[in-house]
Amino acid sequence: MPLDFLKRRGNQDDEATPVTPPASASTVIPEEIVAQEYQLKLYFAGKSSEGVRMKAGPNAMNELPSMLAGLAKSEIEVVEPLPIEYSEATPTIVRPSEAMQWLNAHHVHSPITRHALVVLESIDAIDLAFDTFACSMLDGETDTSGYPEYNAVVGGIASHWDEATGDMICRAVVGWGGRGVRGDTDRIGAKLLAGLLTNILASQYALGITAIERPVPAAGRGGLVCAHCGFASAHERAFYCPKCGMRLLRG
Ligand SMILES: [Zn+2]
């Protein structure tokens, strides 16, 4: 009896792993194909305030980080305008040349700043061809790698030199986003934007609210090298050096 039992078990194992060949694949096209669906929705959003005209000069530029006082939830980093060798830098990984430039330009920054640049450059809220950007975490949490969660708000103060007058123009910029969206993030972002604008207006260099005219690059005019600081601008229509704000000499 024990032998019969063992034999029977063996037969059962054979049934569990049949050696019959698999049915040959059908070449008949079904009327309705069965599709496995894949999807990723990325959501980036941000806000930018009106501009504030500042008394020109390098002192105003040094003030940028202090305009995040009371609102910054992490170290404040200042991202300077990109020089000519990074003029194609874009955070788009499928374009390797642009992506390499972007990484070479920004790998030194913190995960928070890099996240902010990806969000704000993707939605065109800042342009590092002419903007200087003082940036920090403003609300929310980071993940275990130090990168802001999708509902965290990042941002700070962006400044550029007005092409008509050479004055420094500051504006508040906030952004958030990633794999998800939450209803109250927009309201938190608006509140932070107002706080940042209040800080800009409280600066001793602030002259008042002004319309922002973004410097638009004109094709065919090469970037100029600043005679004052040696910066080679990636921006083609800059009358004023994006880095030090001095008048560029054309020659
Ligand atoms: Zn310069």
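Colleague: Cys 229, at 38% relative accessibility: what does it count as?

Modeller: Partly exposed, because its relative accessibility is 38%. Buried means under 20% relative accessible area, exposed over 50%, partly exposed in between (1.4 Å probe, protein chains only). This is a predicted model: local features need pLDDT of at least 70, side-chain atom pairs count only at pLDDT 80 or more, and totals for chains, interfaces and linings use all residues. Residues are numbered from 1 along each chain as its sequence is written, and side-chain values use heavy atoms, leaving out hydrogens and water.

Colleague: And Cys 226, what does that one count as?

Modeller: Buried, because its relative accessibility is 3%.

Colleague: Which atoms coordinate the zinc ion?

Modeller: The SG atoms of Cys 226, Cys 229, Cys 241 and Cys 244, at 2.3 Å. Donors are N, O and S atoms within 2.8 Å of the metal (3.2 Å for Na, K and Ca); water is not among the atoms, so sites may look incomplete. The sequence spacing of the donor residues is C-x2-C-x11-C-x2-C.

Colleague: What arrangement do the four donor atoms make?

Modeller: Tetrahedral, because their angles at the zinc ion run from 106 to 114°. Four donors get that label if all angles lie between 85 and 135 degrees.

Colleague: New topic. Which residues touch the most other members of the largest nonpolar core?

Modeller: Met 54 and Ile 200, out of 27 residues. Strand E2 (51-54) and helix H5 (185-201) are among the elements that each supply at least two of its residues. Such a core is a set of buried Ala, Val, Leu, Ile, Met, Phe, Trp, Tyr and Cys residues joined through side-chain atoms within 4.5 Å. Helices (H or I, at least four residues) and strands (E, at least two) are DSSP runs, numbered from the N terminus.

Colleague: What is Ile 200 in contact with, beyond four places in sequence?

Modeller: Its partners include Val 52, Met 54, Met 67 and Ile 157. Contact means heavy atoms within 4.5 Å.

Colleague: Now helix H4. How many of its twelve residues are buried?

Modeller: Nine, so H4 is mostly covered. Ile 112, Leu 117 and Glu 121 are among the buried ones. The cover includes strand E1 (43-48), strand E3 (77-79) and helix H3 (96-106).

Colleague: What comes after H4?

Modeller: Asp 124, with a positive phi near 65°.

Colleague: Last one. Where is Asn 151?

Modeller: In the loop between E4 and E5. Asn 151 counts as buried, because its relative accessibility is 19%. Beyond four places in sequence, Asn 151 is in contact with Arg 182 and Thr 185.

Key
Tetrahedral: all angles 85-135°; square planar, octahedral: opposite > 155°, others 65-115°.
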